[in-house]
Amino acid sequence: MKYNKLKLVGDRTVRAEEVIKRFKATGALLEGHFVLSSGLHSSVYLQCAIALQSTAVAVDFGAAIAEQFRRAQIETVASPAIGGLVIGYEVARQLHARFIWTERENGRMALRRGFSVRAGEGVLVVEDVITTGESTRETIETLSRAGATVVAAAAIIDRSGGKANVGVPLFSLATLEVAAVSFADCEACRRGEPATKPGSRRAEGRRQ
Ligand SMILES: [Zn+2]
């Protein structure tokens, strides 16, 4: 298997290398030829839940994110369900903040279960993986509409290469440049390499 397709961008901090190492060690980062839930083909597949099933990993990643926001007066951490729940909760716990989540209701991201925010409440939105930034953006919009002040967003991995624009400052522990292309543009397909479709079904999963 070739590893040269995986491009870590940015300042190549020890932490980013360590995050990727821990993803690989747990099988949460697969390299090969994959069909993502969006239908696009990619040489990298990320399944954060595999890494986060280790509570020690969740604590470490949570600490690394929380460290960035210690002085940001975060009152509440909010995450889009399901992907952001584990890491969001852990970040909130370490910041001694409240934790809530958004989820889809008839296709639209919403605050449910009686969750509410106060006008001007300082919120940090935490995701596991940023792919297009869509669910983070929708979560920020939902919270802003409800009156909260979304201070920033954070993720364990930003696989958009830093291109995702969520409308607030975005911090990630590692930034990857991972191409996702249509079948017609896929070099691996052209070479005749079979593609695999790992992970959850579309209805349950997020779009990668
Ligand atoms: Zn392909």
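Here is a short chat about this predicted model, in questions and answers.

Me: What should I know about the model and its numbering before we start?
Reply: It's a predicted model, so local features need pLDDT of at least 70 and side-chain atom pairs count only at pLDDT 80 or more, while totals for chains, interfaces and linings use all residues. Side-chain values use heavy atoms, with hydrogens and water left out, and residues are numbered along each chain as its sequence is written, starting from 1.

Me: How many helices and strands does the protein have?
Reply: Both are DSSP runs numbered from the N terminus: helices are H or I with at least four residues, strands are E with at least two. Going by that, the protein has six helices and 10 strands.

Me: How much of the protein counts as buried?
Reply: Buried means under 20% relative accessible area, exposed over 50%, and partly exposed in between (1.4 Å probe, protein chains only). Of the 208 residues, the buried share is 47%.

Me: Is Ser172 buried or exposed?
Reply: Ser172 is found in strand E9. Leaving aside neighbours within four places in sequence, Ser172 is in contact (heavy atoms within 4.5 Å) with Ala155, Ile156, Ile157 and Asp158. Its relative accessibility is 16%, so Ser172 counts as buried.

Me: Which side chain makes a polar contact with the side chain of Ser172?
Reply: A polar contact is a pair of N or O atoms within 3.5 Å; within protein, one must be able to donate a hydrogen and the other to accept it, and residues adjacent in sequence count only if both atoms are side-chain atoms. Here the distance is 3.1 Å, and the partner is Thr175.

Me: How many disulfides are there?
Reply: A disulfide is a pair of cysteine sulfur atoms within 2.5 Å. Cys48 is buried at 2% relative accessibility, and Cys186 is buried at 6%. By the distance rule, the count of disulfides is zero.

Me: Where do Arg22 and Asp60 lie, and how many residues apart are they in sequence?
Reply: Their side chains meet in a salt bridge at 2.9 Å, N to O; the term means a side-chain nitrogen of Lys or Arg within 4 Å of a carboxyl oxygen of Asp or Glu. Arg22 is in helix H1 and Asp60 in helix H3, so the pair ties together parts whose separation in sequence is 38 residues.

Me: Which residues are linked with Glu187 in a network of salt bridges?
Reply: A search of the whole structure finds 13 salt bridges. In one of them, Glu187 meets Arg191 at 4.0 Å, N to O. Glu187 is exposed at 54% relative accessible area, whereas Arg191 is partly exposed at 47%. The network links Glu187 with Arg191 and Glu193.
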